Amino acid sequence: MSTSNLVLFDLGTGKPTTRQIAELVKKGGTAALTEAERRADAARYQEVTCRSALNRVKGMPFDWTLNPYRGCTHGCHYCFARRYHVQFEMDSDDEFASVILVKTNFVAVLGRELDKPTWTREQVALGTATDPYQPIEGHYRLTRGAIEALARARTPIGLVTKGPMVVRDRDVLLELSTAASCTVCMSVPTVDEDAWRILEPGTAHPLQRLRAVRELVDAGINAGVLMAPIVPGFSSSRDKLERTIKAIADHGARFVGCNVMYLQDGTRTHFMKFIAREFPAMTPRFERLYARKYPPDHYRNEVRALVRMLQQRYGLSKRNEPDDEPEAAMPPVDPEQVGFAW
Ligand code: SF4
C-alpha cells in the first residue's frame, strides 16, 4: 500500500489525532504525512486534533503542562524535548525540528477543561516540551488563545520560551498577571554568538531575546532569564558566563536562573551524534563528562557557584531551580579560583 493510500484509508476526511499520526508514521515514516503543509521555513506542519490540553505532572514545581505544538523548529541540539518526539514514532534528530504537530482544537479543548467546576487553578507551565512562541505561532495563535483562556480562568502560569514573539502577547500576559500570576522565563543560555549559531540554529539572536525581556518588564510583567542549559565547552567559560550575566542585567531582567546541560535518551543520542559529526575532537571529553545523565556534582557546583557570584556582582536576583541544592550543600568557592574551560 502506498503512503498516500495509508493517509486516505486510515485518517478519513477529518483532522487525525496524535495517536493516528503515530500509527501512520510507524507504518510509512514521515513521508506518509502527505497532508502536512510545507512552509517557507522548510518544516512540515501536520494539523492534528487533541483530546486533552492540560497534562498532569508530578514532582515538579508546577502541577500541569500545556503544549499546543509538538516538535520545535528552533532545533536546539541540546533540547531535552527531542526525546519526546519518539513517542510519535518520529526521530529525535531532524524530524524533531522539521515535522511539527499543530493541535488545531487546542484552545477549545483547554477552554472546556478550565470551565469544569473541578478545576482548582493550580500552576500551569507552558514551554516544557516545545517552544510556545516558535515561528508558526504567528500563524495559528494557539499560545495566545491558551493564555486568554487561562486569564479568564484566573489560573497562574509560568512560561519558558526563546521566542521574542512573546512580546506580542504582553496585553494578555499582563491581564493574567493581574487575575492570577504570570512569570515569563526567556531562555538565553549564552550571548556568545558562536555558541548560539552552533547550538541553537533556528532561534532569534540572544540580544533580541533580551530586548524582549526588557519590553515585558517595562510592560509590568515578571520576566527574567534562564541560562539553561549551560553547555560545557561551548558556553561554560568564565568570560562567556560573565558577558551573558552582564547583558542580562543590562536588559533589566527581574531574575536569572541557570542549569548545566543534561543528556538523556534521544537527546543524548542526537547530541553525541552532532558532536561526533561537527566537533569530533570533543567527543572523548563529552563521553567522560556525561558518563551519566548529569556531569559530576563538583562540576555543576562549580558552575553554579560562579554564576551565583556573578549574579551578585551584577545585582541580579536568583531564581530557584527545581534541582538546586540547598545553599549549605554548596562548597565554598573562591571566585577567582574558578577557571574551567569546560
Ligand atoms: S527552543 Fe526550547 S523546545 Fe525549542 S528546540 Fe530549543 S530548547 Fe527545545
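A nonpolar core is a set of buried Ala, Val, Leu, Ile, Met, Phe, Trp, Tyr and Cys residues joined through C-beta atoms within 7 Å. A residue is buried if 20 or more other C-beta atoms lie within 10 Å of its own, exposed if 12 or fewer, and partly exposed in between, with C-beta atoms placed from the backbone. The model is predicted: local features need pLDDT of at least 70, side-chain atom pairs count only at pLDDT 80 or more, and totals for chains, interfaces and linings use all residues. Residue numbers start from 1 along each chain as its sequence is written.

The protein chain has 342 residues, of which 42% are buried. It contains 14 helices and 11 strands. These elements are DSSP runs (helices H or I, at least four residues; strands E, at least two), numbered from the N terminus. Contacts require C-beta atoms, placed from the backbone, within 7 Å. Of the contacts with a separation of 6 or more, 81% join residues 24 or more positions apart.

The largest nonpolar core holds 82 residues, and Ala146, Val184 and Val225 touch the most other members. Helix H7 (residues 142-152) supplies the largest share of this core, 6 residues. Beyond its neighbours within four places in sequence, Val225 contacts Met186, Val188, Val213, Ile248, Ala253 and Val256.

Helix H7 also packs on helix H8 (residues 170-179), at an angle of about 25° and with the axes 9 Å apart. Axes are lines fitted to C-alpha atoms, for helices over the stretch in contact, and angles run from 0 to 180 degrees between N-to-C directions. H7 and H8 are therefore roughly parallel to each other (angles under 35 degrees; over 145 is roughly antiparallel, 65 to 115 roughly perpendicular, the rest oblique). On the H7 side, Arg144, Ile147, Glu148, Leu150 and Ala151 take part; they meet Val172, Leu173, Glu175, Leu176 and Ala179 of H8. By class, this contact has 7 nonpolar, no polar and 3 charged residues. Here Ala, Val, Leu, Ile, Met, Phe, Trp, Tyr, Cys and Pro count as nonpolar, Asp, Glu, Lys and Arg as charged, and the others, Gly among them, as polar.

Backbone geometry was also examined. A cis peptide bond joins Ala228 and Pro229, with omega about 0°. Pro229 lies in strand S10 (residues 222-230). Arg121, not a glycine, has a positive phi of about 60°. Arg121 sits in the loop between helix H5 (106-115) and strand S7 (124-126). It is partly exposed, with 14 other C-beta atoms within 10 Å. Arg154, also not a glycine, has a positive phi of about 50°. Arg154 belongs to the loop between H7 and strand S8 (157-161).

Definitions and conventions. Contact = placed C-beta atoms within 7 Å.
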